Amino acid sequence: IKIWNTGTGYCDLTLTVQSVRVSSLCALRDGRLASGSDDETIKIWNTGTSLYDLALTGHSGEVSTLCDLGDGRVASGSWDKTIKIW
């Protein structure tokens, strides 16, 4: 995952994901990022430390979409044909 500065055109930050393909990304209101991937997990990233704080598991297919609900929760959709609220 790369965070780009659109003013300079340079990459400000790279978040390293181990051996998976990131399939969805969502900016959270608290400044963190949520990423969904083909390993069926959602990771909540702290951009200050460049590490993920939390890994959410429960889907049985690739996480294809994420949405910040604005109340501290995240919705996720998956190829397993489910939507989950975290």
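The model is predicted: local features need pLDDT of at least 70, side-chain atom pairs count only at pLDDT 80 or more, and totals for chains, interfaces and linings use all residues. Residues are numbered from 1 along each chain as its sequence is written, and side-chain values use heavy atoms, without hydrogens and water.

**Asp68**

Asp68 sits in strand E7, residues 63–68 (strands are DSSP runs of at least two residues, numbered from the N terminus). Asp68 is buried, at 18% relative accessible area (buried is under 20%, exposed over 50%, partly exposed in between, with a 1.4 Å probe and protein chains only). A polar atom of its side chain lies 2.8 Å from the backbone nitrogen of Arg29. The backbone nitrogen of Gly70 also lies 2.8 Å from a polar atom of the Asp68 side chain.

**Salt bridges**

Side chains of opposite charge can pair when their charged atoms come close. The whole structure holds 6 salt bridges (a side-chain nitrogen of Lys or Arg within 4 Å of a carboxyl oxygen of Asp or Glu). The table lists some of them.

| Pair | N to O distance |
|---|---|
| Glu62 and Arg21 | 2.7 Å |
| Arg73 and Asp71 | 3.0 Å |
| Arg29 and Asp68 | 4.0 Å |

Arg29 lies in the loop between E3 and strand E4 (33–37) and Asp68 in strand E7, so their pair ties together parts 39 residues apart in sequence. Arg29 is exposed, at 69% relative accessibility. Glu62 is buried at 18%, whereas Arg21 is partly exposed at 44%. Asp30, Arg32 and Asp53 are linked in a salt-bridge network.

Methods: Helix = DSSP H or I, 4+ residues; strand = E, 2+ residues; numbered from the N terminus. Polar contact = N/O pair within 3.5 Å; in protein donor to acceptor, adjacent residues only side chain to side chain.
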